[in-house]
Amino acid sequence: MRHSENGFTPIDIVVILAVFGVLLGTMIPLNIQILQKKRELQTVDELDKLSTAVTGNPVIVLNEARTQFGYVGDMGNLPSSLEDLYKKGSQPSHSFNTSKKIGAGWNGPYISPEIVEHLETLDADAFGNDYEYTTTAFTDSSTGAPALGRALSKGKDGTSGTSDDLSLTFFDSQVRSLVFGLIKDDVGDGVGGVVVTMNYPSNGVLTSTNTTTDGTGFYTFDNIPYGNRSVTLEPKLVLAAGSERVKGTANNQIEFNVTNFSASNISITKFKAVYSTDPPAYYETLKIGTTTVYNSSTPRLASGDTVTFSAITVAAGTGVSDSIPIRIQAPVTEVADIPIGTLGRGASMTIEMLTFKDVQSGTANNVNMIGVPMEITINEGLSGESIIRFTPF
């Protein structure tokens with residue numbers, strides 16, 4: 001076959017077009033695969049940045065402590081929508097409480113514009129589909145661990161629940177912590193009956209919850225969000241460590257001492273003891289210091305009964321009230337022992353619950369009170385109440 005002097009023959013052109021068509025047919029699917037992979041990697045990167053925005057970066061540390069806690073650190077919870085990460089809207093502004101030594105409120109934006117071309121498209125993944133974002137708690141099917149929320153990309157097929165989904169799960173263990181610690185006196189003994197307040201943000205508002213140390217000085221808080229938090233101590237009447245005991249030949253009398261750690265005199269006006277025994281136990285006599293405020297065998301006092309009496313004063317000390325900053329950065333947080341010391345200590349008062357019997361009125365048998373857990377509530381006039389827990393031996 002002779003070539004045309006002007007170029008390719010018609011047959012040459014047909015062959016070239018056929019080859020081009022084969023190459024094009026191969027390249028188009030390959031390019032589509034490359035594009036889809038690029039979108040997948042971009043979405044994974046977006047989810048990673050969203051994770052850092054919400055819960056901070058656990059890798060960035062200073063002196064072995066995390067320095068970034070993201071939205072959760074400032075607000076105390078997951079954002080209600082992804083938009084909350086970069087638009088303040090009606091969310092509370094950040095402020096710092098100097099007495100409680102903790103800040104709370106929106107201090108964003110928590111995500112920078114380079115994650116996407118425009119912030120307004122943050123809600124969409126690289127495939128152009130909106131993320132499915134939820135803050136409804138659930139159990140993760142792959143690990144069995146509790147989760148507080150999730151951001152999910154539907155992947156290239158645009159359908160959730162299929163194999164190409166990409167998701168970011170906010171596990172409970174990444175957001176909230178069990179916090180515990182001990183309050184001790186100057187000789188290292190645990191101090192019972194101390195009111196311990198945990199300060200943390202919730203929806204950007206500084207919030208507090210409190211508990212009372214048990215007889216060993218132990219306290220615990222659950223579900224405290226990660227971040228820089230603080231605990232406040234405001235002890236009033238507290239159990240004198242080691243003073244709780246059962247006495248009497250029949251082991252049917254309880255004695256313990258309370259100490260005033262506040263800066264004001266405390267006037268005791270009410271007393272209530274809650275406990276459980278089998279058979280039920282009732283006590284005849286209650287003494288506060290040297291004053292007998294109740295004495296009767298008809299009826300005897302039962303668990304949960306409140307005794308009201310004229311004010312009995314426990315003298316003040318110099319007072320103890322302080323907030324201690326703590327950093328919560330793990331699912332379980334042990335706070336360093338907090339000493340109350342000696343400077344705030346005021347007067348002590350002995351309290352006796354005498355003659356426990358097995359019926360409320362009349363002739364009865366003694367009840368052994370060794371090892372019976374007690375919860376004592378002492379009302380302090382108009383200033384509140386102290387709760388004291390111990391198990392006498």
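User: Y71 and Y110: buried or exposed?

Analyst: Y71 is buried, and Y110 is too. The label follows relative accessible area: under 20% is buried, over 50% is exposed, and values in between are partly exposed (1.4 Å probe, protein chains only). Y110 has 15% relative accessibility, so Y110 counts as buried. Do keep in mind that this is a predicted model, where local features need pLDDT of at least 70, side-chain atom pairs count only at pLDDT 80 or more, and totals for chains, interfaces and linings use all residues. Residues are numbered from 1 along each chain as its sequence is written, and side-chain values use heavy atoms, leaving out hydrogens and water.

User: Why is the pair of Y71 and Y110 called edge-to-face?

Analyst: Rings of Phe, Tyr and Trp (its six-membered ring) pair when their centres lie within 6.5 Å; planes under 30 degrees apart are stacked, over 60 edge-to-face, and the rest tilted. For Y71 and Y110 the centres are 5.4 Å apart and the planes stand at 70°, so the pair is edge-to-face. The partners are 39 residues apart: Y71 is in helix α2, while Y110 is in the loop between β4 (102-104) and β5 (132-134). Helices (H or I, at least four residues) and strands (E, at least two) are DSSP runs, numbered from the N terminus.

User: What makes Y71, W106 and Y110 a cluster?

Analyst: Ring pairs link the three. W106 and Y110 also form an edge-to-face pair, at 5.7 Å centre to centre and 85° between the planes. W106 is at 10% relative accessibility and therefore counts as buried.

User: How do you know that Q91 is buried, and what does Q91 touch?

Analyst: Q91 has a relative accessible area of 9%, and therefore is buried. Contact means heavy atoms within 4.5 Å, and Q91 touches Y71, M75, D84 and W106, leaving aside residues up to four places away in sequence. The side chains of Q91 and Y71 also make a polar contact at 2.4 Å. That term needs N or O atoms within 3.5 Å; within protein, one must be able to donate a hydrogen and the other to accept it, and residues adjacent in sequence count only if both atoms are side-chain atoms.

User: Which residues touch the most other members of the largest nonpolar core?

Analyst: Of its 33 residues, they are F256, F271, I288, M353, M369, M374 and I376. Strands supplying at least two residues each include β17 (266-274), β25 (374-379) and β26 (385-390). Such a core is a set of buried Ala, Val, Leu, Ile, Met, Phe, Trp, Tyr and Cys residues joined through side-chain atoms within 4.5 Å.

User: What makes β25 a partner of β17 and of β26?

Analyst: Two strands pair if DSSP finds at least two bridges between them. β17 and β25 have five, in the antiparallel sense, and β25 and β26 have six, also antiparallel. I376 is the bridge partner of A273, and I378 stands opposite S386.

User: Why is K101 called partly exposed, and what about its phi?

Analyst: K101 has a relative accessible area of 33%, so the label is partly exposed. Its phi is near 60°, a positive value in a residue other than glycine. Most residues other than glycine have a negative phi, and most peptide bonds are trans.

User: Which peptide bonds are cis?

Analyst: Among them are D278 to P279, with omega about 5°, and T298 to P299, with omega about 0°.
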